[in-house]
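User: I have a model open and want to learn how to read it. Can we go through a few features one at a time?

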Amino acid sequence: MTEPEDMTPGGPVVIVGGGIAGLTLAERLTASGKDLDVTVLERERKPGGLARTFSRDGFLFDIGPHRFHTADPSVNLYLLDVMGADHVSISRCSNVYMAGKYRSWPLTLRSVAGLPLPVLFRSFLDLFRQGEEDEIRTFADHVISRYGRNIYEYFFRDYTEKFTGCSAGELHYDWAEAGVNRAVIDRNVRAGDLFSLLKGILIPKPVSTRFYYPSEGGIQTFCDRQAERIRSRGGRVICDCRATGIEVQLGRATGVRTENMGTFDSNMIYWSAPVSILYPDAGFRFMDTIVCNIALESARSNGYQWCYFGEKDLVFSRLTVPRHFREDMVPEGRDSLVAEITVSDMEMRRNPESLRNRLFDDLARVDAIDPSKVIFDEWRVIPETYPIYDLDYRNRIEGLELPSGLELIGRCGSFWYNNMDHSIGQALALAEGGAFEKDFWKT
Ligand SMILES: Cc1cc2nc3c(=O)[nH]c(=O)nc-3n(C[C@H](O)[C@H](O)[C@H](O)COP(=O)(O)OP(=O)(O)OC[C@H]3O[C@@H](n4cnc5c(N)ncnc54)[C@H](O)[C@@H]3O)c2cc1C
């Protein structure tokens with residue numbers, strides 16, 4: 001790894017991708033006092049990556065639910081440094097829709113008590129059949145060994161297969177580690193097996209389930225502030241600039257090629273765009289997400305900030321209510337909803353609005369909207385939202401031979417099913433010249 005100390009002073013540093021990883025790294029490098037010439041190249045019209053916010057007619061929509069939560073003190077300090085006093089601290093309120101009802105998530109005794117009796121009975125028997133899987137290779141092995149076959153079949157399998165479009169037997173068990181940790185954000189309530197899940201339901205621990213959110217705009221506000229800081233120190237954030245590859249001479253990366261702005265010479269490249277652009281034949285695959293942002297005439301009683309939907313016959317897998325992040329995410333008296341549909345199907349990506357009737361029928365079925373009260377619905381395809389952890393993905397990453405002067409970072413660059421705080425933590429460590437020590441494969 002080339003560390004900032006080893007770089008020629010003033011030698012150009014090119015960061016590909018202006019998501020939260022690239023922006024954090026650029027923000028820290030321009031603040032380091034090392035006289036580095038830092039340029040961020042971003043494909044979209046504005047920076048932020050997955051942490052972008054779209055606005056229309058006074059309605060603000062993030063790409064699904066985006067909240068800051070971290071167990072890492074240095075990341076926490078950084079978040080507060082960038083946001084200053086301009087943030088709110090919000091109590092989490094998430095749901096899961098199961099067996100035709102909205103239930104609290106993480107599950108509580110009350111929400112579990114309402115599940116169908118045969119499911120409860122069979123899950124109880126699973127307590128005495130733990131550890132039946134010999135070798136843990138797949139998502140299915142992992143969840144069955146921890147929570148039993150019934151909970152796996154009842155909740156995890158359908159949600160995961162619907163979400164990823166892959167069979168649960170073809171996904172690496174890291175998807176379960178990362179996915180379950182992702183859904184349950186407080187370490188105190190993570191249940192590593194069926195016994196602790198049951199214990200957590202019967203004797204819930206008091207947990208701090210608060211998160212940060214900007215007090216103005218959407219999650220994008222954070223990224224805009226980072227971009228402002230970078231520019232104010234002489235760094236560049238260039239949007240509408242798509243990187244297509246890198247130049248390599250004698251085993252050293254020397255520049256970034258772009259589609260529309262020529263080649264940017266580099267002393268060091270940090271690449272947070274999809275790794276598949278650099279290694280198209282290595283088999284890295286990503287899922288895309290279709291988001292439908294829906295503006296509603298009047299406030300509804302959807303009480304959650306976000307809710308998971310595992311049932312396979314519902315087209316969406318998660319709904320978010322922006323108003324429950326901050327009241328002023330919608331004009332007064334109005335409401336809105338963000339529906340997420342993950343896709344690997346090319347036809348759907350080309351024509352997402354073909355899903356409109358189905359989506360609206362499904363939303364009405366779970367009583368999330370009254371279609372006659374929709375002011376507008378706006379569809380976007382967000383590319384590369386999730387890396388697909390197939391059974392061979394670790395070998396693919398470990399097999400990469402990078403030229404010197406190139407570092408892969410962030411969610412798409414390092415092919416990492418992560419959260420914003422992880423991308424920030426990784427960028428902070430790199431900016432300080434350290435290796436990134438966190439457990440890459442899990443959280
Ligand atoms: C629906 C959803 C909900 C989420 N909710 C949360 C949450 O509540 N809390 C949380 O902490 N995290 C959440 N996350 C995860 C979080 O969004 C990511 O971990 C984080 O934003 C990743 O930042 P990044 O910079 O590593 O990657 P990205 O945001 O993917 O940034 C990569 C950047 O590279 C750019 N790019 C791509 N190709 C090129 C190219 N060829 N040339 C130039 N630029 C290019 C992209 O436009 C993008 O800006 C969520 C993710 C999703 C999809």
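Analyst: Start with the exposed side of helix 2, where Pro-73 and Leu-77 are exposed. Keep in mind that this is a predicted model.

User: Which residues of helix 2 are buried?

Analyst: Check the accessible area; buried means under 20% relative accessible area. Helix 2 spans residues 73–83, and its buried residues are Val-75, Tyr-78, Leu-79, Val-82 and Met-83.

User: Why do the buried residues line one face of the helix?

Analyst: Look down the axis of helix 2. The buried residues fall within an arc of 120 degrees, so they line one face. Pro-73 and Leu-77 are on the other side.

User: What covers the buried residues of helix 2?

Analyst: The cover includes helix 1 (20–30), helix 9 (220–232) and helix 15 (420–431). Strand 5 (87–91) and strand 8 (210–214) also belong to it.

User: What comes just after helix 2?

Analyst: Gly-84 does, with a positive phi of about 55 degrees.

User: Now a sheet. What is the order of the strands in the open sheet of three?

Analyst: For a regular strand, remember that side chains alternate between the two faces of the sheet. Here the order is 10-11-12, and the pairing is antiparallel. Strand 10 (243–249) and strand 12 (263–265) are the edge strands, since each pairs on one side only. On average, neighbouring strands are turned by 30 degrees against each other, direction ignored.

User: How many bridges join strand 10 to strand 11?

Analyst: Six, and the two strands run antiparallel. Gln-249 is opposite Arg-252 in strand 11. The two strands form a hairpin with two residues between them. In that turn, Leu-250 has a positive phi of about 50 degrees.

User: And how many bridges pair strand 11 with strand 12?

Analyst: Three, again in the antiparallel sense; strand 11 covers residues 252–258. Across this pair, Arg-257 stands opposite Thr-263 in strand 12.

User: Last, the ligand. How many residues surround the ligand, and which are the closest?

Analyst: Begin with the residues around it, then go to atom pairs. The ligand is surrounded by 35 residues. The closest are Glu-42, Pro-65, His-66, Asn-418 and Ser-423.

Notes: Residues numbered from 1 in each chain as written. Predicted model: local features only at pLDDT ≥ 70, side-chain atom pairs only at ≥ 80, totals over all residues. Heavy atoms only, no water. Pairing = 2+ DSSP bridges. Helix = DSSP H or I, 4+ residues; strand = E, 2+ residues; numbered from the N terminus. Axes fitted to C-alpha atoms, helices over the stretch in contact; angles between N-to-C directions. Buried < 20%, exposed > 50% of the residue type's maximum accessible area, 1.4 Å probe, protein only. Arc of directions from axis to C-beta. Contact = heavy atoms within 4.5 Å. Near = heavy atom within 4 Å.
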